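Visitor: I have a model open and would like to talk it through. Could you begin with the terms?

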Amino acid sequence: MQDGKVIVGYIGNGKSANRYHAPYVLDRSDKFRIKTMQARHVDHSAWAAIPGVEYVTDTEAILGDPQIDVVEITTPSALHYFMAKRALEAGKHVTVDKPFSATYEEAAELFDLAAKNGVTVQCYQNRRFDSDYLTARKVVESGKLGKVFEVVTSYDYWRPTMMDGMANDPVNNAPYGHASHCLDQIISWFGTPDRVHSDLRQLQGAGMVCDYFDYDLYYDELGVKATAHANYRMAIQRPSFEIYGDKGAYVKFEKDQQERDLKHFYLPAGHPDFGLDAPEQWGTLRYQDEDGLHEERVPSERSSYSQWYDALFHTVANGAPQLVTPEETLAQMRILEDGMGQLA
């Protein structure tokens, strides 16, 4: 650390680093400084250079730099495990973009290596700070739904040609790319499930990429079934969250709006309205109590992925427990790997 700030280096300088990571680190400039970003080719035609950041092509410029505290792995998915292992071997704290790894065994190896070297490694589960997710949790905590028995989250898109012609691949697919977010939200909310049913499909046929997922996670003591489903061919998208209880229901149609703003280069630093839902995007709560049936719109929680970096700072600087625990990531990896094993 320098001047009370955690020093960060990136291995990977593409969309993930520049859209989903760096803007939130820059929004916490009192806690972090980005020193170095690595890529095979330094090219700023797609993503402008960040002032004050050194751009390099050699990973050793990051791994061998004693000033760098945290290495963020934002390479293509197939390289996550390999690059994370190298960074841990260099004694760095490591953040790995999703998917964390290809297999449960790889994930367990990374956690063991981190513990051996006295550092931390965790998956970048920024969507724990999605406003729709946090609002859904708040509605449940209010008790207005009574005993909740079903939670459904959807991550649909209308991108019908995005995966056209892609062959089956262990990490470049819808479950590893997007279910990794949905499953983490459920696991961080309810814990490791007692049972899981996975319905994965290859809509383009056998041997092609998995572009459809539907996971049911069962929590027997709670009496809850939590479903995470999505595909990229939904011209009419399903609600981002549906929650059903014995006294009411809550439905929120639109997803968190941070990604919308990021795509328009409207960034969190200096924009207090970044990622905000408009009132017409709020969810609807309908519930019964002793006074009858009520219906109301629920204001969306204010949140930012910068809060993930607040937690990372406290872990690295103060030794606080990491936000995304090894147990949570391993539970998710088991579900993802087992599900993909069903496919031809």
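Guide: Helices are DSSP runs of H or I with at least four residues and strands are runs of E with at least two, both numbered from the N terminus. This is a predicted model, in which local features need pLDDT of at least 70 and side-chain atom pairs count only at pLDDT 80 or more, while totals for chains, interfaces and linings use all residues. Residues are numbered from 1 along each chain as its sequence is written, and side-chain values use heavy atoms, with hydrogens and water left out.

Visitor: Where does Phe 265 sit, then?

Guide: Phe 265 lies in the loop between α7 (258–263) and β13 (283–289). Its phi is near 55°, a positive value in a residue other than glycine.

Visitor: Is Phe 265 buried or exposed?

Guide: With buried meaning under 20% relative accessible area, exposed over 50% and partly exposed in between (1.4 Å probe, protein chains only), Phe 265 counts as exposed because its relative accessibility is 55%.

Visitor: And what about Asp 3?

Guide: Asp 3, also not a glycine, has a positive phi of about 55°, and it belongs to the segment before β1 (6–11). Asp 3 is exposed, with a relative accessible area of 80%.

Visitor: Which residues does the cis peptide bond join?

Guide: The cis bond joins Lys 98 and Pro 99, with omega about -5°, and Pro 99 lies in the loop between β5 (93–96) and α4 (104–117).

Visitor: Changing topic, how many disulfides are there?

Guide: Taking a disulfide as a pair of cysteine sulfur atoms within 2.5 Å, the count comes to zero. For Cys 123, the nearest cysteine sulfur is that of Cys 182, 13 Å away, and for Cys 182 the nearest is that of Cys 210, 13 Å away. Cys 123 counts as buried at 2% relative accessibility, and Cys 182 is buried with a relative accessible area of 2%.

Visitor: How many helices and strands does the whole chain have?

Guide: The chain has nine helices and 14 strands. Its radius of gyration is 20 Å, close to the 20 Å that the globule rule gives for 344 residues, so the chain is as compact as a globular protein of that length; the radius is taken over C-alpha atoms, and the rule is 2.2 Å times the number of residues to the power 0.38.

Visitor: What share of the residues is buried?

Guide: Of the 344 residues, 54% count as buried. Along its principal axes, the C-alpha trace spans about 65 × 45 × 40 Å.
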